[in-house]
Amino acid sequence: MKIKVAEKAGFCMGVRRAVNLVLRAVNQGLSPIYTYGPLIHNPQTLELLSKLGVRAIKSPDEGEVNGVCVIRAHGIPPQEKKILESRYKLLDGTCPRVLKVQALAAKAVKEGKSVIIIGDKDHAEVKGILGYCQGKGYVVSSLQDLNEIPGSTPFVVLSQTTQDEEVFKFLAEEIKERFRDVEIINTICNATEVRQAGVRKLCESTSAIVVVGGKFSANTKRLAQIAESQGKRVYFVERPEEIPLEEIKKIDSVGITAGASTPNWLINSVVDYLKRYTSKTYTILRTIAISQIYASFFIPILLLSLLLAKKSINLDFTYISFLLFSFFFSASLIFLTNYLNRSSFIFFYPEKETFYNTRHFKFLLAISFILSIIFGFLYTPRILSLVIIYPLLIFIFKQSPMQGGVELLFYISLLLYLYPIWDDQFLLLSFYTLLLLCFIKLYLEMVYLQTDGFLPKTFLLGLFDFDEKKAKKLLKILLIVLFILPICLALFSLGNLLFLLSALSCLILYQTLLKRKLGQIVYLELLSFIPIFVFFLVSLFLRVVF
């Protein structure tokens, strides 16, 4: 089965902004937190919010005075906003595009015009816009609604931001024919247009379409309607388990799209559900990614690369024991950290939560700890102090972003054990590998951040309040330094310029991150191994050739 995911699907900018407002409020420890009405039209996200203690209220007097109240992306009438401001600390999550429509409606009324809104009169966004019309607003969703509009004043025609483009054009033309003084302003959000164009494009190359999202989401329902109008078999689901697996397996190509209120983690779950039952290769890669066993190789390969760069060093049994200890204890720390935080995975990567609750994981954790002790003892018994210190640090930093930095501290500790072979080049190269490890750590956290879920406080990104702009800025700084350091290393040997290849691979990772590839989380995780592998190949090449 070929699976194609729409280039643009899932959260739009406005919804992501509103969800991030709530995420920051939760991580800042603000309480109680309310949303005025359901934050978005997605049951799964609302369920997660409920587990985080966020409650939706229907009227201003439901919640506790001085609590935090978040206005959802759809916006609300100005009269209701004033009441909320008098009772709560208000966080306005109204989508900037909706704010623009509200402003246009208010301006039209101020100029003595009436407002016609093409949309669903029961939709929260439309109700909010009507609040700015001061009784001079009319909602039109069909030709029949036009009969109820008096033709005595000039009109400004606006649209619900999630309205179907073709429906808007049809009704706008009809309004223009029936009334004399009409100004038409297309306020359909570009995100809506792009998603609707995307599902039409998917229909050209696939036999069936899976639409992921809430059954009460207007824009999601429209995607399903468009696919049906193209003669495609449509599966409109809220959860992966709703897909009739045996039936869909018989289809040669399936397209996947999602409404603007559907989080990326749910799209990832749907893609994962289909792929793991139709591709053996994907199943293997998925196991490696979800267990995070691949990350256990980061530290030992970097250490091996540093030893290869030190040409006077022979990789005898002592160093091999050191590298094996670093591998198994890295695995132990990763497994232990993930196990302690397993309940948080349900908020952004539910497949991992399932894995870390299995017996297989507990067996891996036990084996990795035992082997790390064995190889640590073979290297030098005093290194076993790390086996006590670092698990203890993981427990101490359980509710802190510092837990995300334990792996980096462990790497620094191992570098200290190599003190006898330090020289200027080795130190500079070690610093380079530390920055490389830090970049990959942040890259992976950014991959998880782009799931639109709720990340735990134990992530390093928690230090930046999960602000994506700040995180990208830090990644850019790391990239600049990663490109500069090989030039400095060239003072010792021109061959060291080849380490620029590692920096280049990091740049490619960063560019991939910016594209927000949907349904590809397993591959995005595994790509993090590339800069480490490139660094190793360069070190091996320099050892053999130079």
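This is a predicted model: local features need pLDDT of at least 70, side-chain atom pairs count only at pLDDT 80 or more; totals for chains, interfaces and linings use all residues.
Me: What percentage of the residues count as buried?

Reply: Buried means under 20% relative accessible area, exposed means over 50%, and partly exposed lies in between (1.4 Å probe, protein chains only). By that cut-off, 56% of the 546 residues of the chain are buried. The C-alpha atoms fill a box of roughly 90 × 55 × 50 Å along the principal axes.

Me: How many helices and strands does the chain have?

Reply: Helices (H or I, at least four residues) and strands (E, at least two) are DSSP runs, numbered from the N terminus. The count for this chain is 23 helices and 12 strands.

Me: In what order do the strands of the open sheet run?

Reply: Strands of a sheet pair through backbone hydrogen bonds, either parallel or antiparallel. Two strands pair if DSSP finds at least two bridges between them. The open sheet of four strands in this model has the order S7-S6-S8-S9, with parallel pairing. Its edge strands, each pairing on one side only, are S7 (137-140) and S9. From one strand to the next, the twist averages 25°.

Me: Which strands pair with S8, and over how many bridges?

Reply: S6 (residues 114-118) pairs with S8 over five bridges, in the parallel sense. S9 (residues 182-184) also pairs with S8 in the parallel sense, over three bridges. Towards S9, Val157 stands opposite Ile184.

Me: Are the residues of S8 buried or exposed?

Reply: Strand S8 covers residues 155-159, and five of its five residues are buried. Phe155, Val157 and Ser159 point one way, Val156 and Leu158 the other.

Me: Which strands does helix H7 lie across, and at what angle does H7 run to S6?

Reply: Axes are lines fitted to C-alpha atoms, for helices over the stretch in contact, and angles run from 0 to 180 degrees between N-to-C directions. Helix H7 (residues 165-178) lies across S6, S7, S8 and S9, and runs at about 150° to S6.

Me: How do helices H19 and H23 pack?

Reply: Angles under 35 degrees count as roughly parallel, over 145 as roughly antiparallel, 65 to 115 as roughly perpendicular and the rest as oblique. H19 (residues 424-449) and H23 (residues 529-545) pack at about 160°, with axes 9 Å apart. The pair is therefore roughly antiparallel. Contact means heavy atoms within 4.5 Å; H19 contributes Leu429, Tyr432, Thr433, Leu436 and Ile440, and H23 contributes Pro531, Ile532 and Phe535.

Me: Why does Gly131 count as buried?

Reply: Gly131 counts as buried because its relative accessibility is 12%. The residue sits in the loop between helix H5 (124-130) and S7. Not counting residues up to four places away in sequence, Gly131 touches Pro77, Pro78 and Gln79.

Definitions and conventions
Residues are numbered from 1 along each chain as its sequence is written. Side-chain values use heavy atoms; hydrogens and water are left out.
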